[in-house]
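Here is a brief report on one protein chain.

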Amino acid sequence: MLAVPLQADPEIVAEGVNLVWVLVATFLVFFMHAGFGMLESGQVRSKNVANQLTKNVLTWGVGVIAYFFVGAGVSAAVAALTTGGGIDGAFSYINGGSTVWANWLFGAAFSMVAASIVSGAVAERAQLGGYLVFTVFVGALIYPVATGLTWGGGFLAELGFQDFAGAAIVHMTGGVCGLTAAYVIGPRVDKFDENGTANVIPGHSLPYAILGTLILAFGWYGFNVGTAVEVFQVSDGGELALGDYAYAGRVALNTALVMGAGSIGAAAVGYARRGKVDTLMTANGLLAGLVSVCSIAAVSSWTGTLVVGLVAGIQVPLVFDLLERVGIDDVCAVFPVHGSAGVLSALAYPFVDTTSTFSVSQLVSQIAGVVVLAIWAAGITLLIYGILKAIGWARVTREEEIEGLDASEHGIETYPEFGSNFVDDVTGSGRVPDGSDGTPAADGGERTDGGEVSDDV
């Protein structure tokens, strides 16, 4: 019997494989939210864990809907308006069909990464309602404008600005938003002494933070390698050929190496300073390394990646200390990990690009992109959080902060089996703080039966 070779339309094969790959990468990026949740909740005190996790869950909840109905259309409109085009069809994706929706979801997952970054900077004192209002603006306006100017084909793209996987577009934008919000809201109670000296307020679970770091690193493969969204393309001759995926191996290698370099850089700084390796800063250095490769992953050699990653790790504890010296309380080191490391990546691009020689004009384009995106993120955040602060939505009260946001904003305790900050109010009017005089315990501690204050993680 004569065998007949399997016949398949190359266009259908290419579309099917590309669609599956986009969805797989999207699912990996979505899983990064589990990493954010564990990383951030591990770095807050036990009285604020549920609140931090709630912020992470609702970041996706309100942000992705805002991005669907408004954000993606705003991105397309900004791209068109800044290049002299029309905005007809900017919102056509809403009824675009399966392939369009898959690509939209990939963009939405990136958008929510930018939004999640902010929650770590304002942890332990940001009011939930105000934070969610800001998250809606991230999904509907802040991030979409950044993508419209760049990936969408706006004027920064026409200038030649390059940012492969969003070191500046996603991470720097989120980091600058977080830094600005932390500045507007102000530091946590007792974070700084009267003379400005910063006090260490340890988080409740280092294992949470480290596991969250590794989950983020795992999801980052989808974030970086997934950006090569086109596995196959059909040649002019009608044959299947590799598309952007041709450089997937380079991207994967650089992603793996850079997290090693970043962690080593941060660990080395801790050891040089105190003779001991700071575990949390080492983890943050790993993440900063991952941010630092996002712009350059598809063009850098492995040697260039190692250098950039090492610098990214080294700068994390240095920039974190600088922020504390100027009175900014960035709880989860959001700006050193995402903001300044994102700037480093974007500016490193012309120096490590193996596809062309160093170009001053490319460096100018990179600087222009960083400046425009940073000014946009800082300016709009200052405006939004300034308004939230004016109407009393930016921050919880001092009493609520001391009590803990789990109790004040959610009426729960994350670890009730380890002891309660509350006893039942025998008058039936509700629950009152545990203490002989019914007053809150001092910040950072809970009162014992003797009326003394014990340490609280």
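## A buried arginine with two partners

The side chains of Arg 188 and Glu 124 form a salt bridge, with N and O 2.5 Å apart. This is a predicted model. The bridge links distant parts of the chain, 64 residues apart. Arg 188 sits in the loop between α6 (167-185) and α7 (206-225). Glu 124 sits in the loop between α3 (98-121) and α4 (128-149). Both residues are buried.

Arg 188 also forms a salt bridge with Asp 329, and here the closest N and O atoms are 2.7 Å apart. This pair again links distant parts of the chain, 141 residues apart. Asp 329 belongs to the loop between α10 (302-325) and α11 (334-352). Are Arg 188 and Asp 329 buried or exposed? Arg 188 has a relative accessible area of 5%, so it is buried, the cut-off being under 20%. Asp 329 is buried too, because its relative accessible area is 1%.

## A bridge between helices

Arg 273 and Asp 321 meet through their side chains in a salt bridge of 2.5 Å, N to O. Arg 273 lies in helix α8 (residues 248-274) and Asp 321 in helix α10, so the pair ties together parts 48 residues apart in sequence.

Shared partners join Arg 45, Glu 124, Arg 188 and Asp 329 into one salt-bridge network. The count of salt bridges comes to six.

## Cysteines

How many disulfides are there? The count is zero. Cys 294 counts as buried, at 0% relative accessibility. Cys 332 counts as buried as well, at 5%.

## Aromatic pairs and a cluster

The structure holds 16 aromatic pairs. One of them is formed by Phe 68 and Tyr 93. Their ring centres are 6.1 Å apart and their planes stand at 80°, so the pair is edge-to-face. Phe 68 lies in helix α2 (residues 49-81) and Tyr 93 in the loop between α2 and α3. The pair therefore ties together parts that are 25 residues apart in sequence.

Tyr 93 is buried, with a relative accessible area of 9%. Phe 68 and Tyr 93 also belong to one aromatic cluster.

## Packing of α9 on α11

Two packed helices are described by the angle between their axes and the distance between the axes. Helix α9 (residues 279-293) packs with α11 at an angle of about 35°. Their axes are 8 Å apart. The crossing of α9 and α11 is right-handed.

Which residues make the contact? From α9 come Asn 284, Leu 287, Ala 288, Val 291, Ser 292 and Val 293. From α11 come Pro 336, Val 337, His 338, Ala 341, Gly 342, Leu 344 and Ser 345.

Phe 223 is placed in helix α7. Phe 223 is buried, with a relative accessible area of 0%. What does Phe 223 contact, leaving aside neighbours within four places in sequence? The partners are Val 29, Met 32, Phe 110, Val 113, Ala 165, Val 170, His 171 and Cys 294. One of these partners, Met 32, is 191 residues away in sequence, yet the C-alpha atoms of Phe 223 and Met 32 are 9.0 Å apart. Another partner, Cys 294, is the buried cysteine at 0% relative accessibility.

Ser 263 is found in helix α8. Its relative accessible area is 15%, so Ser 263 is buried. Residues up to four places away in sequence aside, Ser 263 touches Thr 282, Gly 285 and Leu 286.

## The chain as a whole

The protein chain has 14 helices and six strands. Of its 457 residues, 53% are buried. Which share of contacts between residues at least 6 apart in sequence joins residues at least 24 apart? The share is 75%.

Key: Residues are numbered from 1 along each chain as its sequence is written. This is a predicted model: local features need pLDDT of at least 70, side-chain atom pairs count only at pLDDT 80 or more; totals for chains, interfaces and linings use all residues. Side-chain values use heavy atoms; hydrogens and water are left out. A salt bridge is a side-chain nitrogen of Lys or Arg within 4 Å of a carboxyl oxygen of Asp or Glu. Helices (H or I, at least four residues) and strands (E, at least two) are DSSP runs, numbered from the N terminus. Buried means under 20% relative accessible area, exposed over 50%, partly exposed in between (1.4 Å probe, protein chains only). A disulfide is a pair of cysteine sulfur atoms within 2.5 Å. Rings of Phe, Tyr and Trp (its six-membered ring) pair if their centres lie within 6.5 Å; planes under 30 degrees apart count as stacked, over 60 as edge-to-face and the rest as tilted. Axes are lines fitted to C-alpha atoms, for helices over the stretch in contact, and angles run from 0 to 180 degrees between N-to-C directions. A crossing is left-handed if the near helix is turned anticlockwise from the far one by less than a right angle, and right-handed if clockwise. Contact means heavy atoms within 4.5 Å.
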